[in-house]
Amino acid sequence: MAGGRPTKYNEEALNTAEDYIVNFSDYGDAIPSVVGLAVALETHRDTIYAWAKEEGKESFSDIVKRLSTNQERKLLNGGLDNSFNPTIAKLLLGKHGYSDKQETDITSGGEKLSAPTYTVVDE
């Protein structure tokens with residue numbers, strides 16, 4: 001038998017997690033976050049990620065995915081309407097796959113460049 005503290009994962013934790021992703025502002029958060037969920041559940045964020053991966057806790061995994069989706073939406077809208085600090089919104093949206101990186105291809109027109117050929121002339 002494994003030692004340690006009994007898990008806080010139960011029906012009440014699921015209900016609190018569901019409530020948090022809908023009413024995160026009632027918990028004092030500007031956006032829903034894993035850290036905010038951890039505080040609401042009185043646990044550590046590592047525990048949140050562990051529960052989301054555990055077999056038999058698919059409902060919790062879905063909650064964490066929905067939290068991430070809600071966070072992305074809130075950040076995107078807050079960035080667009082200037083209600084969030086642009087630097088922070090940009091930083092956090094990077095975690096959702098957004099980027100302002102631009103790739104410029106001036107010479108090849110999208111085609112693979114071949115290695116240059118050199119001719120050696122003996123004098």
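Among contacts between residues at least 6 apart in sequence, what share joins residues at least 24 apart? In this protein that share is 47%. Keep in mind that we are looking at a predicted model.

I'll start with the overall layout. The secondary structure consists of five helices and zero strands. Read from the N terminus, the order of elements is α-α-α-α-α.

Next, the dimensions. The chain has 123 residues, and a compact globule of that length would have a radius of gyration near 14 Å. The value for this protein is 24 Å. Along the principal axes, the C-alpha atoms occupy a box of roughly 85 × 50 × 20 Å.

On to surface and burial. The accessible surface is about 9700 Å², and carbon and sulfur atoms account for 50% of that. As for the residues, 26% of the 123 count as buried.

Arg5 sits in the segment before helix H1, which covers residues 11-23. Is Arg5 buried or exposed? The relative accessible area of Arg5 is 76%, and the cut-off for exposed is over 50%, so Arg5 is exposed. I also have one distance for this residue: from Arg5 to Leu67 is 62 residues in sequence, and 27 Å in space between their C-alpha atoms.

Lys57 belongs to the loop between helix H3, residues 45-53, and helix H4. The relative accessible area of Lys57 is 11%. Buried means under 20%, therefore Lys57 counts as buried. Which residues does Lys57 touch, leaving aside neighbours within four places in sequence? They are Tyr9 and Trp51.

With a relative accessible area of 31%, Leu76 is partly exposed. The patch in question is nonpolar, covers about 290 Å², and is made by Leu76, Leu80 and Tyr98.

How values were computed
Residues numbered from 1 in each chain as written. Predicted model: local features only at pLDDT ≥ 70, side-chain atom pairs only at ≥ 80, totals over all residues. Heavy atoms only, no water. Patch = residues over 30% accessible without salt bridge, like charges linked within 9 Å, V, L, I, M, F, W, Y side chains within 5 Å. Areas by Shrake-Rupley, 256 points an atom, 1.4 Å probe, with all protein chains shown as cover. Salt bridge = Lys/Arg side-chain N within 4 Å of Asp/Glu carboxyl O. Buried < 20%, exposed > 50% of the residue type's maximum accessible area, 1.4 Å probe, protein only. Helix = DSSP H or I, 4+ residues; strand = E, 2+ residues; numbered from the N terminus. Rg over C-alpha atoms; globule rule 2.2 N^0.38 Å. Contact = heavy atoms within 4.5 Å.
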